[in-house]
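Please consult the sequence and the structure while reading.

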Amino acid sequence: MSCKESQVIDGIGIIPVDEISVPPYEFAYCDELNSIVIPEGISVIGESAFEGCVNLRNLQMSDTMLWIGDEAFSGCESLAHIEFPRELHTIGWYAFSDCINIEDIEFPDGLAIIGNFAFSGCHKLRSVIIPVGVREVGDDAFAGCEILKEVVFKGSNTIVGVSAFEYCDALDKIIVPCGSKSFYMDCLSDDLHPKIIELLR
């Protein structure tokens, strides 16, 4: 699908500096888009803003970013690395689902919510560290991440959807803080209980 002429120049997405959000569907299914810089002052990426941008390879978000909306980057098949801004609070439902080339994710310490299906179908994702401040990892958040081997929870009481790691066939370690194993056993499905490793301190 083609983009508006004002949106993309030489593959680079253009966002006015006086905006406070990227509107829903603003760049959705824009085949010409391969790089985007979210400028300072923008705090919200709207629903499906970059959905289906299959050639988007380079993504840089400003430190003012707080909220990534539902399906914001769903199906961005060329994204391989995401560096999230340090003030980010919420990652919405399906936000990065089916981003099949994402290999590594570094979540900021201030993150609170990882929505349902947020990273489902990220087939190359190998490991995930969930920061201490994350309150909730939604249902199917990492479902279908076929080679995901290790998940580390830094917090002792992050609520985890039962199916958060559904169809993660390679998952063999879920590392949790000392004294929190029983909490995570209550959250996670029975088949994952043998994979929970509690740190000694």
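## The aromatic cluster

Ring pairs link Phe 27, Phe 50, Phe 73, Phe 84, Phe 96, Phe 107, Phe 119, Phe 142, Phe 153, Phe 165, Phe 183 and Tyr 184 into a cluster. Rings of Phe, Tyr and Trp (for Trp, its six-membered ring) are paired if their centres lie within 6.5 Å; planes under 30 degrees apart count as stacked, over 60 as edge-to-face and the rest as tilted. By this rule the count comes to 14 aromatic pairs.

The model is predicted: local features need pLDDT of at least 70 and side-chain atom pairs count only at pLDDT 80 or more, whereas totals for chains, interfaces and linings use all residues. Residues are numbered from 1 along each chain as its sequence is written, and side-chain values use heavy atoms, with hydrogens and water left out.

## Two stacked pairs

Among the aromatic pairs is that of Tyr 94 and Phe 117, which is stacked, with 4.6 Å from centre to centre and 0° between the planes. Tyr 94 lies in the loop between strand 9 (90-91) and strand 10 (104-106), and Phe 117 in the loop between strand 11 (113-114) and strand 12, so the pair ties together parts that are 23 residues apart in sequence. Strands (E, at least two residues) and helices (H or I, at least four) are DSSP runs, numbered from the N terminus. Tyr 94 is partly exposed, with a relative accessible area of 31%, and Phe 117 is also counted as partly exposed, at 24%. Buried means under 20% relative accessible area, exposed means over 50%, and partly exposed lies in between (1.4 Å probe, protein chains only).

Phe 96 and Phe 119 form another stacked pair, with 5.4 Å from centre to centre and 5° between the planes. Phe 96 lies in the loop between strand 9 and strand 10 and Phe 119 in the loop between strand 11 and strand 12, so this pair ties together parts that are 23 residues apart in sequence. Both Phe 96 and Phe 119 are buried, and both belong to the cluster described above.

Four strands form an open sheet with parallel pairing, in the order 12-14-16-17. Two strands pair if DSSP finds at least two bridges between them. Strand 12 (127-130) and strand 17 (196-198) stand at the edges, each with a single partner strand, so one side of each is left without a neighbour in the sheet. On average, neighbouring strands of this sheet are turned by 15° against each other, direction ignored; the axes behind such angles are lines fitted to C-alpha atoms, for helices over the stretch in contact, and angles run from 0 to 180 degrees between N-to-C directions.

Strand 12 runs parallel to strand 14 (residues 150-153), and four bridges join them. Ile 130 stands opposite Phe 153 in strand 14, while Val 128 stands opposite Val 151 in strand 14. Phe 153 is also one of the members of the aromatic cluster. Strand 14 is in turn joined by three bridges to strand 16 (residues 173-176), and these two strands run parallel. Here Val 152 stands opposite Ile 175 in strand 16. In a regular strand the side chains alternate between the two faces of the sheet.

## Salt bridges

How many salt bridges does a search of the whole structure find? The search finds two, where a salt bridge is a side-chain nitrogen of Lys or Arg within 4 Å of a carboxyl oxygen of Asp or Glu. One joins the side chains of Asp 63 and Arg 86, at 3.0 Å from N to O. This pair links distant parts of the chain, 23 residues apart: Asp 63 is in the loop between strand 6 (58-60) and strand 7, and Arg 86 in the loop between strand 8 (81-83) and strand 9. Asp 63 counts as partly exposed, at 32% relative accessibility, whereas Arg 86 counts as exposed, at 57%.

Lys 149 forms a salt bridge with Asp 172, and their closest N and O atoms are 3.4 Å apart. Lys 149 lies in the loop between strand 13 (136-137) and strand 14 and Asp 172 in the loop between strand 15 (159-160) and strand 16, so the pair ties together parts that are 23 residues apart in sequence. Lys 149 is partly exposed, with a relative accessible area of 41%, and Asp 172 is partly exposed, at 39%.
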